[in-house]
Amino acid sequence: MLPWKRVLRPLTALLLTVAVAAVPAATAHASTTTTATAPSWGSPRSSAAESGGGWNDYSCKPSAAHPRPVVLVHGTLGNSIDNWLSLAPYLKTRGYCVYSVDYGQMPGVPLFHGLGPIDTSAQQLSDFVDQVLSATGAAKADLVGHSQGGMMPRYYLKFLGGAAKVNALVGLAPDNHGTNLDGLTNLLPYFPGAGDLIKATTPGLADQITGSAFLTKLNAGGDTVPGVHYTVIATKYDEVATPWRSQYLSGGDVHNVLLQDLCPLDLSEHVAIGIFDRIAFHEVANALDPAHATSTSCASAFS
């Protein structure tokens, strides 16, 4: 990656963070479907048309080959449709019952979700998984998350009883130990009030900064819980969840994967790995069905 891009992208992310945090809460009445308690898409009311690709079908019954529904968990500033326009159909055509959840909505901020307190978002995920399990009759689900969506479920597994309902968690570029945005979060103290503004208006962003109280609680006593299979798929070109090695988990039943070890030619960064990278998607499929896993390589982009 060119040096100017390595500087520009995290700087853009930081500026976007501050811009989103400045959205006035007074516009809360603008959308009644973007509150923390009223998901827009990703609820049992969603139709195949709403999902845009045939997932969120609550009549789907898991097969013997794929007995667990897959719940997709979007990243920060994402939503249950846009984040999964490629991966959801990819899994659907391979025989999975696929669902996607919205979480972390803030008043007056449509479409750009994952901004609310992450412990509250984890409760939303818990409620959604219960709905999916009830609809499908499955005993457990598998979770696949991008960015915050790969980290936030760990709170659900560790503190909200999710370990009894989840078989596997697959994280695409998850910020498991927070992010420093290539060191740019270290600049926040030089902008008086910026940190407090982010924490007050978009707490989900503040929770993801390296060393936050949320992350300290999440990672205390170990990264994993027994009974859940963990997979982390990272890219060395990540400019958001940095340093990229901090995405890796330690503990039992963990498989940490670097995308460039699978395909050195893959230049995907933080967004691309979750949005359209079929090499990463192939590794997701392997994690969901390890008994039938096949080698992931550059050729997987065409599979």
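Predicted model: local features only at pLDDT ≥ 70, side-chain atom pairs only at ≥ 80, totals over all residues.
Leu187 is located in the loop that runs between strand E4 (166-172) and helix H7 (194-201). A cis peptide bond joins Thr242 and Pro243, and positive phi values occur at Ala173 and Asp253.

**Salt bridges**

- The side chains of Asp142 and Arg68 form a salt bridge with an N to O distance of 3.0 Å. Asp142 belongs to strand E3 (residues 141-146) and Arg68 to the loop between helix H2 (48-51) and strand E1 (70-73), so this pair ties together parts that are 74 residues apart in sequence.
- Asp142 is buried, at 1% relative accessibility, whereas Arg68 is partly exposed, with a relative accessible area of 24%.
- Lys165 and Asp130 meet through their side chains in a salt bridge of 2.8 Å, N to O. This pair links distant parts of the chain, 35 residues apart: Lys165 sits in the loop between helix H6 (153-159) and E4, and Asp130 sits in helix H4 (residues 118-136).
- Lys165 is partly exposed, at a relative accessible area of 27%, and Asp130 is partly exposed at 30%.
- Asp223 and Arg154 form a salt bridge between their side chains at 3.9 Å, N to O. Asp223 lies in the loop between helix H9 (213-219) and E5, and Arg154 lies in helix H6, so the pair ties together parts that are 69 residues apart in sequence.
- Asp223 and Arg154 are both buried.

- The lining of the largest cavity consists of Gly150, Leu169, Val170, Gly171, Pro174, Asn176, Tyr230, Thr231, Val232 and Leu249. The elements that give two or more residues to this lining are E4 and strand E5 (229-234).
- The lining residues of the largest cavity comprise six nonpolar, four polar and no charged residues.

**Backbone geometry**

- Most residues other than glycine have a negative phi, and most peptide bonds are trans.
- The peptide bond between Thr242 and Pro243 is cis, with omega at about -10°. Pro243 is placed in the loop between E5 and strand E6 (254-258).
- Ala173 has a phi near 50°, a positive value in a residue other than glycine. Ala173 is situated in the loop between E4 and H7.
- Ala173 is buried, because its relative accessible area is 0%.
- Asp253 is not a glycine, yet its phi is positive, at about 55°. The loop between E5 and E6 contains Asp253.
- Asp253 counts as partly exposed because its relative accessibility is 43%.

Notes:
Residues numbered from 1 in each chain as written. Heavy atoms only, no water. Helix = DSSP H or I, 4+ residues; strand = E, 2+ residues; numbered from the N terminus. 1 Å grid on protein atoms, 1.4 Å probe; cavity = no way out; pocket = protein on both sides within 12 Å on 5 of 7 lines; lining within 4 Å. Nonpolar A, V, L, I, M, F, W, Y, C, P; charged D, E, K, R; others polar. Salt bridge = Lys/Arg side-chain N within 4 Å of Asp/Glu carboxyl O. Buried < 20%, exposed > 50% of the residue type's maximum accessible area, 1.4 Å probe, protein only.
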